[in-house]
Amino acid sequence: MLFDLDGTLVDTADEFVVVVQQLRAEHDLPPLEPARIRRSVSNGARALVALGLDMDPAHRQFESKRLRLLELYSDVLGSSARPYPGINALLAELDRRGIAWGVATNKPRAYAEPLLARIDLPPCPSLVCPDDVKDRKPHPESLYRNCRDLDCAPHQAIYIGDHRRDIEAGKRAGMLTIAAAYGYIEADDNPRDWGADLLTDDSASLAALIFSH
């Protein structure tokens, strides 16, 4: 059983709302509507800088602003993040049934590892970050590495994620895929268009969905 991290296993959006608002304040910009920030979290730091400062990624100062956002994020990392409802119960049931689980994320290990250590989750048996692979999602390399760690064949695995690239990665790896429509979805996106095998709007219903297949 494999999960994406932000927006699937863990709700980190409140931390990024704080960080983007801080970045805007440093540039004398008014606060953004928090829901706009939440929807962009799964798109990563570059998207958050582009949104927060209305700055083109080609701008000569863009990289310095991205690094500043990450610096601000380091200060709040794990402070308000929490597992989604039902996740701890799901992980406990996986353990009871002897089913291994892991995380494949595009979040760098410098942030993913301390995040998992600071929140109320059991130790993650297999964490694969972009630092660990040549090609990040939507390439399936991360998922293949999880499978090697957990000694399972890709076709035996399920991958759950809240972004189109997660579903693409899972399908390319030959896994059953579940779209986490409760995660960070842009206003103009529709998880029902991603081609996932299954979809849920509620993290608390994941266990029932998984164990019925």
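In the predicted model, the protein is divided into two domains: domain 1 comprises residues 2-11 together with 81-212, and domain 2 comprises residues 13-76. The C-alpha centres of the two domains are separated by 24 Å. Contact between them involves 13 residues of domain 1 and 13 residues of domain 2.

The size of an interface is often given as the accessible area lost when the parts come together. For domain 1 and domain 2 this buried area is about 1,200 Å², of which 39% lies on carbon and sulfur atoms. On the side of domain 1, Tyr-111, Tyr-184 and Glu-186 supply 46% of the area buried against domain 2, a share greater than that of any other three residues.

Polar interactions across the boundary comprise 10 residue pairs in polar contact, both residues of each pair being at pLDDT 80 or more. The residues of domain 1 that touch domain 2 divide into seven charged, five nonpolar and one polar. Two salt bridges are counted between the domains, while the count under the salt-bridge rule comes to 18. Asp-14 and Arg-82 form a salt bridge through their side chains, with an N to O distance of 3.5 Å. Asp-14 is located in helix 1 (residues 13-26) and Arg-82 in strand 3 (residues 82-83), so this pair ties together parts that are 68 residues apart in sequence.

Four aromatic pairs were counted in the model. A pair of aromatic rings is described by the distance of the centres and the angle of the planes. Tyr-73 belongs to helix 4 (residues 62-76) and Tyr-111 to helix 6 (residues 109-118), so the pair ties together parts that are 38 residues apart in sequence. Tyr-111 is also one of the three residues named above for their share of the area that domain 1 buries against domain 2.

Two features of the backbone were also noted. Most residues other than glycine have a negative phi, and most peptide bonds are trans. Asp-54, although not a glycine, has a positive phi of about 50°; Asp-54 is placed in the loop between helix 3 (44-53) and helix 4. The peptide bond from Lys-137 to Pro-138 is cis, with omega near 20°. Pro-138 is placed in the loop that runs between strand 5 (127-128) and helix 7 (141-150).

Conventions
Residues are numbered from 1 along each chain as its sequence is written. This is a predicted model: local features need pLDDT of at least 70, side-chain atom pairs count only at pLDDT 80 or more; totals for chains, interfaces and linings use all residues. Side-chain values use heavy atoms; hydrogens and water are left out. Domain bounds come from an automatic or database domain assignment. Contact means heavy atoms within 4.5 Å. Buried area is the accessible area (1.4 Å probe) that two parts lose on being put together, summed over both. A salt bridge is a side-chain nitrogen of Lys or Arg within 4 Å of a carboxyl oxygen of Asp or Glu. A polar contact is a pair of N or O atoms within 3.5 Å; within protein, one must be able to donate a hydrogen and the other to accept it, and residues adjacent in sequence count only if both atoms are side-chain atoms. Ala, Val, Leu, Ile, Met, Phe, Trp, Tyr, Cys and Pro count as nonpolar, Asp, Glu, Lys and Arg as charged, and the others, Gly among them, as polar. Rings of Phe, Tyr and Trp (its six-membered ring) pair if their centres lie within 6.5 Å; planes under 30 degrees apart count as stacked, over 60 as edge-to-face and the rest as tilted. Helices (H or I, at least four residues) and strands (E, at least two) are DSSP runs, numbered from the N terminus.
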